[in-house]
Amino acid sequence: MIDYEKVIPQKIRDIQPSGIRKFFDIAQQVEGVISLSVGEPDFKTPWAARKEAINVLEKGRTAYTANAGLIQLRKEISLYLKNFIRTEYDPEGEIIVTVGGSEALDLAMRALVQPGDEVLVPEPSFVCYSPIVTVCGGTPVPIVMTEEDKFKLRADSLKAAITPRTKALILPFPNNPTGSIMRREELEKIAEVLRGTDIMVISDEIYSEMTYGGEKHVSIASLEGMQERTIVVNGFSKTYAMTGWRLGYCAGPRPVIKQMLKLHQYCIMSSPTVSQYAAITALTKCREDVDRMLEEYDMRRRLVVKGFNDMGLTCFEPEGAFYVFPCIKSTGMKSSEFCEKLIYSKKVAVVPGSAFGESGEGYVRVSYAYSVHHITTALERIREFVEELKK
Amino acid sequence: MNNVNKKLLDLLKQNARLSNAELAAMLGISEQEVTAGIKQLEQEGIIIGYAAIVNEEKADDNAVTAIIELKVTPFKDRGFDDLAHTIMQYDEVDTVFLLSGANDLSITITGTSLRKVALFVSERLAVLDGVLSTTTHFVLRRYKEKSHVFNEEHSDERSLVSP
Ligand SMILES: Cc1ncc(COP(=O)(O)O)c(C=O)c1O
């Protein structure tokens, strides 16, 4: 019989399934759970984009597109980035349309990382960065971010983590799971550390439209001297509520994009055609829909923050994405224990902060991509749970 | 209407049970401002009441709702108002609308049985002065009312937990 232990490399077998997956299995066993655990919008894709997809299907546009994506779409992305992050990218050679931001992250890492390289991964953060680094033979080096710093990346922590082997820094802001963002002056300090080095920045800006209060999202690519060392990753999943369409993109320096495009050619050919047409419409005709969603998220955000603070689980004010990250240390429980008890006793699912890196221990991730009614019902149950714990 | 009141109205139309504290948090204003805004909306007659949206079939197995369209002769000077006012007085009547188009008044009523609703139409409505004809439509199923979807538990297709 074939010995899969030998067939499958140790490196692959050693990859841990994400803590989210484990928690999903638990949540699924419990009947009647109400969830605050999803990482995708509750809104439907704006109708104009859906209609365009129907339209192109009717016209039979079902062939591959150019490897890098439809040129009209790349032009619109270029225009969007110019307006939104004030950075110019040539649609020919500096932008690739990818299968979600996920593929863009994977391409960036595979194009940059070789065995022996270290990649700096600020945590808590999204679950895919470290496993991809590992698959590439690199070593993920976590940088701890703490609530005292509002879960922002400190320039001195960054400096301390850099070694001669450092190949790249993941810059995961606005952040999933904490909702933290980096303001211009904070990014400036990070840029100061990186300028003059050969360290690349992979800036995961998938939540860039979702910032609340104050100045809009600033990309590190827009800071002086940074565009040449930054790969911007973004996409349509969150902003346009298009998670299932699997469409994202990356923009960066020509020599890097050229290598990434090769990888993309060989493993993907081209991103989904129908999705690309719909994305053109999303970029050109759906601003009002996006603004409406953003306003709704912001209201829910304030409601949820207040809810947790009122029940005594302190919650720093998240300024981005659609998550809040309340601290549950006062309950004396580990975050996975808290989440399991909550789901069994009150049937509410939130995600243990520890699923996003060790520094997420003591927190839980709460998504507010739900209706206000759903949120208030779930908050009420969590409040009961916390009250009962005090007895 | 000022912007705050417009937003308050939007939120209350969705969910009238949000507390003033919750409304204040959501809109980023003080509770006093919320109280004042709601008071103004009520005083100006913009908000005329607060009511639950009920899944009647679940609340009472036999409950029936009917939409009744009436053709009527308008009275000189007073148009349709007199008749509408008369019909409004009946407790069974939930809504009374004046319509453009082929029919004139549209009424919804909810009764405890089919028979009661039918009798109400024939004995109370059809006989009113000015009523020329009635058409009764019984409601078979409710899907959505005031933006609320019935049986919503099936509508979220997202995975329960995702990264
Ligand atoms: C921080 C972050 N980056 C990237 C992604 C990937 O999104 P997609 O591949 O749908 O564009 C996600 C999705 O949850 C995310 O939260």
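Which residues does A:Phe308 touch, not counting residues up to four places away in sequence? They are A:Leu313, A:Cys315, A:Val324, A:Pro326, A:Val366, A:Leu379 and A:Ile382, where contact means heavy atoms within 4.5 Å. This is a predicted model, in which local features need pLDDT of at least 70, side-chain atom pairs count only at pLDDT 80 or more, and totals for chains, interfaces and linings use all residues. Residues are numbered from 1 along each chain as its sequence is written, chains are lettered from A and ligands numbered from 1 in the order in which they are written, and side-chain values use heavy atoms, with hydrogens and water left out.

**Domains**
- Chain A is divided into domain 1 (4-45 + 288-389) and domain 2 (47-285), with bounds from an automatic or database domain assignment.
- The centres of the two domains, taken over C-alpha atoms, are separated by 24 Å.
- Domain 1 of chain A brings 37 residues to the contact, and domain 2 of chain A brings 39 residues.

**Nonpolar cores**
- A nonpolar core is a set of buried (under 20% relative accessible area, 1.4 Å probe, protein chains only) Ala, Val, Leu, Ile, Met, Phe, Trp, Tyr and Cys residues joined through side-chain atoms within 4.5 Å.
- The largest such core has 101 residues, and A:Leu73, A:Phe236 and A:Phe308 have the most contacts inside it.
- Helix 12 (residues 287-310) of chain A gives the most to this core, namely nine residues; helices are DSSP runs of H or I, at least four residues, numbered from the N terminus.
- Another core, of 28 residues, lies apart from it and includes A:Phe151 and A:Leu223.

Technical notes: Buried < 20%, exposed > 50% of the residue type's maximum accessible area, 1.4 Å probe, protein only. Helix = DSSP H or I, 4+ residues; strand = E, 2+ residues; numbered from the N terminus.
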